[in-house]
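Work through the following exercises with the sequence and the structure at hand, and try each task before you read its solution.

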Amino acid sequence: MFTGKKVAIIGGGKMGGILAQGMVSRKILSPRNITVADVDPARLRELRSSLKLRVTEDNREAVKEADIIVLAVKPQNFPDLLKEIRQASNLSKLFISIAAGVTTDSIEHLLTGKPRVLRVMPNVAALAGEGAAAVARGRFARPDDVRYALAMLGAVGLAVEVEEKLMDAVTGLSGSGPAYCFVIIEALADAGVQLGLGRDLAEKLAAQTMLGAARLCLQENQHPARLKNMVTSPGGTTAAGLRVLEEGKIRATLTGAVEAAARRSRELAGS
Ligand SMILES: NC(=O)c1ccc[n+]([C@@H]2O[C@H](COP(=O)([O-])OP(=O)(O)OC[C@H]3O[C@@H](n4cnc5c(N)ncnc54)[C@H](OP(=O)(O)O)[C@@H]3O)[C@@H](O)[C@H]2O)c1
């Protein structure tokens, strides 16, 4: 599908690097067809030596040669970046933004003409090939553009298309979600250590438990409450643990976290 296509990733930081690595390791694109542009020469040297990609400090040069441009800088760097590259943009190019809270409308306004823009919310688990990403299309994006983005992101996990008005919710849930899971894993491991398990063992057990439960949910395609009930015997150990989770208001706390992140995503869009 990507035969002959050239991709430029502007911003070779955490997420830009993860997407580049995912595309190379899953053989979506050959490294010679991926160019990463960044302001940090040390970061570029690192990416070139680890992934054998093409790298440049010149954003315009990267855009000029690419068919698909992934915008992977922080939201606050977008206005300057888009002003810088707008002259190199034309209808033959597809822009894919991965920035939290930056709307397709604002990107379209900062580029020229009727640019083909997609907004994507990936997550860090793409690094392990287990990402969860959503794609929303701008006014001028074509159905084929969405297919490219889904293929690119699908190589590193789950990728779905949503309407743009749902992007803040996606950001709050799956964009920021890995961080919530890391906190839960850390807390479970700390509890294991308190009870006498070695740190390494406790962390492995906690992480694998999270992974296993998630896999089971997806594989069985059942309501999570049904799976929870399946492992909760009357008067048993799990029932005792669950009572403490409910007393600690875990549901309200997680709902609050997702809502706060979605709210922040909306605030960033307005700023
Ligand atoms: N990290 C996540 O889990 C995650 C999840 C979903 C979405 N995102 C989105 O992904 C985007 C990137 O996040 P990140 O965590 O990867 O950030 P990051 O690690 O800071 O990476 C951004 C990179 O872009 C460079 N940069 C800044 N301005 C530039 C410019 N004008 N031209 C070229 N390169 C420039 C930065 O260099 P300096 O550091 O020197 O400024 C940095 O190396 C953000 O918009 C974020 O909302 C991130």
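**Exercise 1.** Work out which domains the domain assignment gives and how many residues of domain 1 are in contact with domain 2.

Solution. In this predicted model, the assignment places domain 1 at residues 7-167 and domain 2 at residues 177-270. The next step is to locate the C-alpha centres of domain 1 and domain 2, which lie 31 Å apart. Counting contacts then gives eight residues of domain 1 that meet six residues of domain 2. Sorted by class, the side of domain 1 that touches domain 2 consists of five nonpolar and three polar residues, with no charged ones.

**Exercise 2.** Determine the strand order of the open sheet and explain why one side of S3 and of S8 is left without a neighbour in the sheet.

Solution. Begin with the order of the eight strands, which reads S3-S2-S1-S4-S5-S6-S7-S8, with mixed pairing. Strand S3 (54-56) and strand S8 (157-161) are at the edges and have a single partner strand each, so one side of each has no neighbour in the sheet. From one strand to the next, the twist averages 20 degrees. Within the sheet, S1 (residues 7-10) pairs with S4 (residues 68-71) in the parallel sense over four bridges, and Ala8 has Ile69 in S4 as its bridge partner. Helix H1 packs on the sheet, where it touches S1, S2 and S4, and its direction makes about 170 degrees with that of S2.

**Exercise 3.** Describe the shell around the ligand by class and identify the helix that supplies its largest share.

Solution. The shell divides into 14 nonpolar, eight polar and six charged residues. Of the 28 residues around the ligand, those that come nearest are Gly11, Gly13, Met15, Ala99 and Ala100. Helices H1 (14-25) and H4 (78-85) each supply at least two residues of the shell, and the largest share, three residues, comes from H1.

Key
Residues numbered from 1 in each chain as written. Predicted model: local features only at pLDDT ≥ 70, side-chain atom pairs only at ≥ 80, totals over all residues. Domains from an automatic or database assignment. Contact = placed C-beta atoms within 7 Å. Nonpolar A, V, L, I, M, F, W, Y, C, P; charged D, E, K, R; others polar. Near = placed C-beta within 6 Å. Pairing = 2+ DSSP bridges. Axes fitted to C-alpha atoms, helices over the stretch in contact; angles between N-to-C directions.
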